[in-house]
Amino acid sequence: MRFVTEFRNSELAKKLIADIRQTSKRQVRFMEFCGGHTVSIFKYGIRQVLPPTIEMVSGPGCPVCVTATADIDKAIALALIPGVIITTFGDMLKVPGSRSSLQKARAEGADVRTVYSTIDALKIATENPHKTVVFIGVGFETTAPTIAVSVLQASEQNIKNYKVLSLHKVCPPVIKAILDAGEVKLDGLICPGHVSSITGANAWEFIARDYGIPCVVSGFEPLDILQCVEMLVRQVEKHESKVEIAYKRGVTPEGNLQAQKIMAQVFEPSPAKWRGMGEVPDSGLKFRQEFAPYDAEVSFDIKTKPSIEPKGCLCGEVLRGVKTPADCKLFRKACTPENPVGPCMVSSEGSCSAYYLYGDDSGR
Ligand code: SF4
């Protein structure tokens with residue numbers, strides 16, 4: 001399979017591993033921002049083949065996981081409004097809110113439907129003209145342009161009963177927030193591949209320039225990640241900090257200008273709440289005034305009680321990279337993929353899920 005098998009070539013992997021081991025002299029800590037990378041790193045046993053000089057930590061790059069409990073509560077409250085049909089991607093169903101989940105709301109009679117794209121949600125809206133269809137917009141820069149397109153389509157086709165609860169997040173501000181907090185010292189950042197395909201690698205320039213941290217954008221196959229680590233190690237050993245791309249088949253310095261334009265047409269930056277990190281300036285996307293009729297928060301007076309975090313769950317600390325899932329007393333005991341306590345165990349890109357499925361007995 002083109003662009004897959006050649007990136008899993010074991011001989012090339014051995015060469016890269018040998019190169020990393022030979023080059024890596026200083027003790028370093030690299031963070032992979034993206035949940036997709038966390039899954040690949042565990043699935044392919046990459047931590048195990050790296051030398052002891054390299055410590056890997058997982059970051060906050062799972063959009064479902066970073067959605068604040070208060071925002072999950074809003075989605076559930078919307079689901080309970082008569083005449084509302086909630087449409088969402090599957091991962092959101094089981095994510096626990098303070099007192100319920102979308103899945104439980106559905107079991108209690110709410111009309112909550114899993115869709116595979118916003119095209120499905122728009123179709124449901126046209127088929128149900130007397131109901132209001134709300135799409136739960138969760139995702140990073142990769143997802144937001146597709147949601148923006150759905151809003152433009154609704155506007156062009158005069159579909160007035162389609163709304164979006166915009167819980168979108170943009171990534172560079174949260175990395176800045178993590179670095180400014182100073183809780184975790186990083187020597188290199190594995191920058192997200194899919195997000196960078198939209199933002200461009202240039203979005204990470206400030207990390208290399210202002211914080212002196214090497215950055216490399218990676219793809220998701222084992223050779224992509226090994227090459228990325230090798231490039232980070234080389235920068236570290238040469239005392240350099242710059243942005244490089246180890247995923248040139250998917251990412252350019254400028255990114256996808258058309259997607260950026262569409263996203264900016266519909267949304268503008270706003271503060272957003274991140275699980276475990278609180279409110280981060282300019283890290284969310286709110287509707288521009290012109291598209292307010294599609295904003296679920298404008299269309300409905302959404303009432304929620306104060307949010308409650310799952311007791312004992314360390315998702316916030318895990319997402320900030322200061323704890324691992326194995327540090328959580330509930331990991332593999334009260335919290336499993338079948339019975340998740342926190343979102344990091346629910347999402348297929350969550351750190352706890354990846355550690356559970358692919359980690360060793362300690363979960364590391
Ligand atoms: S193991 Fe479960 S309870 Fe613990 S941090 Fe992960 S999701 Fe939360």
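**Reading a core and its helix pairs**

Reader: I have the structure open. Which residues touch the most other members of the largest nonpolar core?

Author: Keep in mind that this is a predicted model. Here is the general idea: in soluble globular proteins, nonpolar side chains tend to be buried together. In this structure, the largest nonpolar core has 110 residues, and A79, I86 and V229 touch the most other members. Helix α12, residues 222-237, gives the most to this core, with 8 residues.

Reader: Why does this core lie between domain 1 and domain 2?

Author: Because both domain 1 (1-310) and domain 2 (315-358) give residues to it.

Reader: How do I read the way α1 and α12 cross?

Author: Start with the angle: under 35 degrees counts as roughly parallel. The axes of α1 (residues 10-23) and α12 cross at roughly 20° and come within 10 Å, so these two helices are roughly parallel to each other. Next comes the hand: α1 passes α12 in a left-handed crossing. Residues making the contact include L16 and I20 of α1, and L226 and V229 of α12.

Reader: At what angle do α7 and α8 pack?

Author: Helix α7 (residues 118-127) and helix α8 (residues 144-156) pack at about 30°, their axes being 10 Å apart. That makes α7 roughly parallel to α8. Here the crossing is right-handed. T118, A121 and L122 of α7 meet residues of α8, among them I147 and A154.

Key
Residues are numbered from 1 along each chain as its sequence is written. This is a predicted model: local features need pLDDT of at least 70, side-chain atom pairs count only at pLDDT 80 or more; totals for chains, interfaces and linings use all residues. A nonpolar core is a set of buried Ala, Val, Leu, Ile, Met, Phe, Trp, Tyr and Cys residues joined through C-beta atoms within 7 Å. A residue is buried if 20 or more other C-beta atoms lie within 10 Å of its own, exposed if 12 or fewer, and partly exposed in between; C-beta atoms are placed from the backbone. Helices (H or I, at least four residues) and strands (E, at least two) are DSSP runs, numbered from the N terminus. Domain bounds come from an automatic or database domain assignment. Axes are lines fitted to C-alpha atoms, for helices over the stretch in contact, and angles run from 0 to 180 degrees between N-to-C directions. Angles under 35 degrees count as roughly parallel, over 145 as roughly antiparallel, 65 to 115 as roughly perpendicular and the rest as oblique. A crossing is left-handed if the near helix is turned anticlockwise from the far one by less than a right angle, and right-handed if clockwise. Two residues are in contact if their C-beta atoms, placed from the backbone, lie within 7 Å.
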